[in-house]
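Student: I have a structure to work through. Can we take it one question at a time?

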Amino acid sequence: MSDTGGEDASASGPATGTVYLVGSGPGDPELLTVKAKRLLESADVVLHDKLPGPEIIGMIPEENREDVGKRAGGEWTPQEYTNRRLVELAHEGNDVVRLKGGDPTVFGRGGEELVHLADNEVPVEIVPGITSAVAGPEVAGIPVTHRDHASSVSFVTGHEDPTKEESAIDWSALAATGGTIVVLMGVGKLPNYTAALRDAGMSEETPVALIERATWPDQQVATGTLDTIVDVRDAAGIEPPAITVIGDVAATRERVLDFLVGAGEDATDGNAAAGGKDA
């Protein structure tokens, strides 16, 4: 255990441990950073959800890990509980890894946890990870920028804070940028934002790709257009976690697919024709 930032343990009980907000990357264990792997091996406790993927979670000794993701009955662990648990474990003298998919601060609530830990005088370190917003598309053969197609990229969450009175996302402005739009956690609301983009004047023929479980062994990709992608999603059975890529770059996959290693299953062909996988 670490005494970083803590008091003299002999005088006032255990020193406060350090919390590490660690990004696990998109899911392939070989895409973990060296530092992330070291911390997973040395931490007293690892708090994780499902997004790091089963292979990475399986690397952590069962007695050292706590699942703060999905619970029995389909409920999710409240963020307030996770915040409180991180402080509690650190004050008991534990070094704690809060393991997140992708990068910890790209729609991963790492910013909220960072502030909460600092407010409670807990030493905290951020360990960046490869964000799935970039890695997911590129392993599927889709570069998020390309000199011929897109000189800008916008990252958008498809799952905003439900307590917000209205969305903070200006889809009309995004439609006008002419660049790539990458939506994370946006499978369920795909009909809403594709309609918003069409209403804002984006062409119905704009290429769109859905990458499910990017870099996982069962990765699959479905492609279509702004007009067809909802039907493609339903036919292919695309489910979370998945990334949506909207823009001309999404058409790159078709051009490179025959030579792309690790491209993932093409769900648009076989599965779509067969009605998709079981939902």
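Tutor: Start with a term: a residue is buried when its relative accessible area is under 20%, and exposed when that area is over 50%. Keep in mind that this is a predicted model.

Student: Is asparagine 83 buried or exposed?

Tutor: Asparagine 83 sits in helix α4, residues 79-91. Its relative accessibility is 11%. The cut-off for burial is under 20%. So asparagine 83 counts as buried.

Student: Which residues does asparagine 83 touch, leaving out those up to four places away in sequence?

Tutor: Look towards valine 115, which is 32 residues from asparagine 83 in sequence but 9.9 Å away in space, C-alpha to C-alpha. Leaving out residues up to four places away in sequence, the contacts of asparagine 83 are Glu113 and His116.

Student: How are α4 and α5 oriented to each other?

Tutor: The axes of α4 and helix α5 (residues 110-119) come within 10 Å and cross at roughly 45 degrees. On the α4 side, the contact includes Asn83 and Leu86, and on the α5 side it includes Glu113 and His116. The crossing is right-handed. Angles under 35 degrees would count as roughly parallel, and 65 to 115 as roughly perpendicular, so α4 and α5 are oblique.

Student: What kind of aromatic pair do tryptophan 171 and tyrosine 193 form?

Tutor: The count comes to 1 aromatic pair. In this pair, tryptophan 171 and tyrosine 193 are 5.2 Å apart, centre to centre, with 10 degrees between the planes. Planes under 30 degrees apart count as stacked, so the pair is stacked.

Student: Which helices does that pair tie together?

Tutor: Both residues are buried, tryptophan 171 at 14% relative accessibility and tyrosine 193 at 3%. Tryptophan 171 lies in residues 171-177 and tyrosine 193 in residues 190-199, so the pair ties together parts 22 residues apart in sequence. These parts are helices α7 and α8.

Student: Which strands stand at the edges of the sheet?

Tutor: The open sheet has 6 strands with mixed pairing, in the order β6-β7-β10-β8-β9-β11. Each edge strand has a single partner, so one side of it is left without a neighbour in the sheet. The edge strands are β6 (153-157) and β11 (265-266).

Student: Which strands does α8 touch?

Tutor: Take β7 (residues 180-184) and β10 (residues 242-246), which run antiparallel and are joined by 4 bridges. Within them, valine 183 stands opposite threonine 244. Helix α8 packs on the sheet, at about 10 degrees to the direction of β10.

How values were computed. Residues numbered from 1 in each chain as written. Predicted model: local features only at pLDDT ≥ 70, side-chain atom pairs only at ≥ 80, totals over all residues. Heavy atoms only, no water. Phe/Tyr/Trp six-rings, centres within 6.5 Å; stacked < 30°, edge-to-face > 60°. Helix = DSSP H or I, 4+ residues; strand = E, 2+ residues; numbered from the N terminus. Buried < 20%, exposed > 50% of the residue type's maximum accessible area, 1.4 Å probe, protein only. Pairing = 2+ DSSP bridges. Contact = heavy atoms within 4.5 Å. Axes fitted to C-alpha atoms, helices over the stretch in contact; angles between N-to-C directions. Parallel < 35°, antiparallel > 145°, perpendicular 65-115°, else oblique. Left-handed = near helix turned anticlockwise from the far one by under 90°.
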